Amino acid sequence: MFILRVHSVDTEQPIATTEEIDFYTTTSPSDPNPKFSERRGVVHLYRKASQSSLPNPSSRSTSLFVVAVPNYLSATDFIRFVGPYLDSITYLLFIRNDGIEDRYSVLIELVDQQAADGFYCSLNGKRFSPSEAELCHILFTHSVEYSELGEIAGTPPEGFTELPTCPICLERLDPDTSGIISTFCDHSFQCSCTLKWTYLSCTVCRFCQQQDEKPACSICGSVENLWVCLMCGFLGCGRYKEGHAVRHWKDTQHCYSLELISQQIWDYVGDGYVHRLNQSKVDGKSVEMNSRCLSMEGNGDDSGINEAIYSSKVEAIFDEYSRLLATELEKQRQNYESLLAEAKIKRDSLVAEAVEKAVTSEMQDIQSKLDKRTEEKNALAEVCLIHSHALCTKNWHNGFFHNIIISCTIYCICYHSSFL
């Protein structure tokens with residue numbers, strides 16, 4: 001089930017050139033003035049996340065959406081392309097995006113379900129021009145909403161996920177996700193068919209086709225394990241690096257991301273790979289899906305195709321498991337090396353800390369002993385000074401009295417001598 005939300009500040013303008021009016025009059029004489037108009041805006045395509053996108057009785061409607069028409073087809077050329085069904089068309093709107101020069105989209109309303117089914121089965125998967133590679137991809141849509149606010153138009157309704165409107169990116173997705181049954185190429189790695197869209201307005205396609213410079217994560221600059229968002233072209237590193245691609249999904253709800261190296265697409269909501277497997281790895285030949293309307297004409301699957309696709313999916317799962325195992329082992333090796341380095345640093349730190357602590361303790365003991373000996377020395381020096389002072393005082397006193405006695409004795413002798 002698909003719904004459209006269009007961010008547009010424009011109004012519908014009727015297509016009314018003289019050439020086109022004459023063309024419509026001659027090609028549809030029963031309805032010489034059908035409602036053909038155009039509008040400018042940005043289309044957001046959403047699918048029901050819990051259901052397959054392939055047509056079934058419950059998902060069909062009378063509204064059809066042509067995802068991308070190459071710009072070399074004018075409005076008149078497209079009308080010629082759908083010419084056999086002009087009598088059944090009640091409304092046809094060309095939606096053009098000023099930021100995308102290589103393609104436009106078309107919204108078509110038919111008179112009843114039978115006419116819509118016939119239109120789908122006849123033109124879906126058909127080349128717009130026999131000499132060109134572009135295919136007409138048609139989706140049944142259940143509702144179309146217009147909003148002047150980009151935030152509202154770009155927000156997926158509850159239970160829905162957004163799909164890219166680039167036809168090449170849609171063809172990269174598996175049929176259950178994109179609703180596109182028939183492709184001639186899965187656009188893996190560099191291929192010439194993408195160059196048919198002259199301007200390569202899609203950022204994802206430019207990354208895949210024109211890698212002149214080595215790409216790097218938009219946040220951390222990592223050049224390994226890179227994933228590009230299919231919706232906006234944001235380039236981020238995977239969960240085995242810094243995980244910026246996962247954070248981008250959580251911030252924007254853009255759930256489809258393509259790995260640049262393997263060209264595989266991961267669905268963050270469904271938690272699994274959703275890229276198209278068009279090449280059989282059994283015999284190396286391309287496997288083209290049946291472009292007929294499966295929902296209206298029974299299953300009709302070829303057993304050989306089913307077996308090739310099943311084998312291809314099994315081998316893809318095995319390759320992915322081997323890659324994930326190798327990645328996890330490398331991650332564990334790096335983790336253990338990091339733990340060993342941290343343990344060595346911690347050990348060296350503890351040894352240095354212990355040595356410093358022992359040296360500090362020894363120095364404190366020596367300083368304590370030095371302070372104690374200094375105090376004893378000062379105390380001894382003070383005692384010596386006191387004793388020395390006392391001795392000097394005593395000697396002084398003894399000498400003074402001795403001199404007095406001697407003087408007195410001499411005086412007495414002299415005195416007695418005078419009487420004799």
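Author: This is a predicted model, and we can begin with the term cavity, which here means a set of grid points where a 1.4 Å probe fits but cannot get out. Rolling a probe the size of a water molecule over the atoms shows where empty space is left.

Reader: Which strands form the open sheet, and in what order?

Author: Strands of a sheet pair through backbone hydrogen bonds, either parallel or antiparallel. In this model, five strands form an open sheet with antiparallel pairing, and their order is β11-β10-β12-β13-β14. The edges are taken by β11 (235–237) and β14 (272–273), each of which has a single partner strand, so one side of each is left without a neighbour in the sheet.

Reader: What packs on the sheet, and which strands does it touch?

Author: Helix α8, residues 244–252, packs there and touches both β10 (226–229) and β11, with its direction at about 125° to that of β11.

Reader: How many bridges join β12 to β13?

Author: Three bridges join β12 (residues 256–259) to β13 (residues 265–267), and the two strands run antiparallel; as one case to look for, Ser 257 has Trp 266 in β13 as its bridge partner.

Technical notes: Residues are numbered from 1 along each chain as its sequence is written. This is a predicted model: local features need pLDDT of at least 70, side-chain atom pairs count only at pLDDT 80 or more; totals for chains, interfaces and linings use all residues. Side-chain values use heavy atoms; hydrogens and water are left out. Two strands pair if DSSP finds at least two bridges between them. Helices (H or I, at least four residues) and strands (E, at least two) are DSSP runs, numbered from the N terminus. Contact means heavy atoms within 4.5 Å. Axes are lines fitted to C-alpha atoms, for helices over the stretch in contact, and angles run from 0 to 180 degrees between N-to-C directions.
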